[in-house]
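This report describes one protein chain, from its overall form to a few selected residues. Please keep the sequence and the structure in view while reading.

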Amino acid sequence: QVQLVESGGGLVPPGGSLRLSCAASGSIGSINDMAWYRQAPGKQRELVAVISSDGRTHYAASVEGRFTISRDNAKNTVYLQMSSLKPEDTAIYYCNADLSLRFYLGSSPYWGQGTQVTVSS
């Protein structure tokens, strides 16, 4: 019923930039918070950044000042602009959206399939 499709991952040298996108599609009523998480090998999944439906943002301390989360509500899309990338940013990045289905009450979290980001020279 609902799909979150990420794009924009890849290999980038230290200090480089990447922009991730995540588009939600399907029978969507409304979308509340949208977020990016990441999971590095051997580590737990962690929150990177979150943005509310009215544009309020929160970042993990490790990415504050380097990453920017934004969203286009008309396109049901969330973005993550990543700059000054470090090798420790290497991970699979997952999109998350708390949304309600059309004609249904209540909301649930949905996840994308993940996109690999590798920071290496």
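## Two loop residues with positive phi

Phe103 has its place in the loop between strand 9 and strand 10, the latter covering residues 108-111. The model examined here is a predicted one. In this model, phi of Phe103 is near 75°, a positive value in a residue other than glycine. Is Phe103 buried or exposed? Its relative accessible area is 80%, and a residue counts as exposed when this value is over 50%. Phe103 is therefore classed as exposed.

Asn76 also has a positive phi although it is not a glycine; the angle is near 50°. This residue is found in the loop between strand 7 and strand 8. Its relative accessibility is 24%, so Asn76 counts as partly exposed.

## Overall form of the chain

Which elements make up the protein chain? There are 11 strands and 0 helices. Read from the N terminus on, the order of elements is β-β-β-β-β-β-β-β-β-β-β.

The C-alpha trace spans about 50 × 25 × 25 Å along its principal axes. For 121 residues, a compact globule would have a radius of gyration near 14 Å, and the value for this chain, 14 Å, agrees with that expectation. Of the contacts between residues at least 6 apart in sequence, 55% join residues at least 24 apart.

## Surface, burial and charge

Buried residues account for 41% of the 121 residues in the chain. The accessible surface comes to about 6,400 Å², and 49% of this area belongs to carbon and sulfur atoms.

The chain carries 10 positive and 9 negative charges.

## The largest nonpolar core

The largest nonpolar core contains 32 residues, and those that touch the most other members are Trp36, Leu80, Met82 and Tyr93. The elements that give two or more residues to this core include strand 1 (2-7), strand 3 (18-26), strand 4 (28-39) and strand 5 (46-51). Strand 7 (67-72), strand 8 (77-82), strand 9 (91-101) and strand 11 (115-119) are also among them. Which strand provides the largest share? Strand 9 does, with 6 residues.

When residues up to four places away in sequence are not counted, Met82 touches Gly16, Ser17, Leu18, Leu20, Arg66, Phe67, Tyr93 and Val117. One of these partners, Tyr93, is itself listed with Met82 among the core residues that touch the most other members.

Gly16, one of the partners of Met82, lies in the loop between strand 2 (10-12) and strand 3. Its relative accessibility of 14% is the reason why Gly16 counts as buried. Leaving aside neighbours within four places in sequence, Gly16 is in contact with Met82, Ser83, Ser84 and Leu85. Gly16 and Thr90 are 74 residues apart along the chain, and their C-alpha atoms are separated by 12 Å.

Ser52 is found in the loop between strand 5 and strand 6 (57-59). At 7% relative accessibility, Ser52 falls under the 20% limit and is therefore considered buried. With neighbours within four places in sequence set aside, its contacts are Asn32, Asp33 and Arg71. Ser100 counts as buried because its relative accessibility is 10%. Not counting residues up to four places away in sequence, Ser100 touches Ile28, Gly29, Ser30, Gly106 and Ser107. From Ser100 to Val12, the distance is 35 Å in space, C-alpha to C-alpha, and 88 residues in sequence.

How values were computed. Residues are numbered from 1 along each chain as its sequence is written. This is a predicted model: local features need pLDDT of at least 70, side-chain atom pairs count only at pLDDT 80 or more; totals for chains, interfaces and linings use all residues. Side-chain values use heavy atoms; hydrogens and water are left out. A nonpolar core is a set of buried Ala, Val, Leu, Ile, Met, Phe, Trp, Tyr and Cys residues joined through side-chain atoms within 4.5 Å. Buried means under 20% relative accessible area, exposed over 50%, partly exposed in between (1.4 Å probe, protein chains only). Helices (H or I, at least four residues) and strands (E, at least two) are DSSP runs, numbered from the N terminus. Contact means heavy atoms within 4.5 Å. The radius of gyration is taken over C-alpha atoms; the globule rule is 2.2 Å times the number of residues to the power 0.38. Accessible areas come from the Shrake-Rupley method with a 1.4 Å probe; for residues, only the protein chains shown count as cover. Lys and Arg count as positive and Asp and Glu as negative; His and the chain ends are not counted. The place of a charge is taken as NZ of Lys, CZ of Arg, CG of Asp or CD of Glu.
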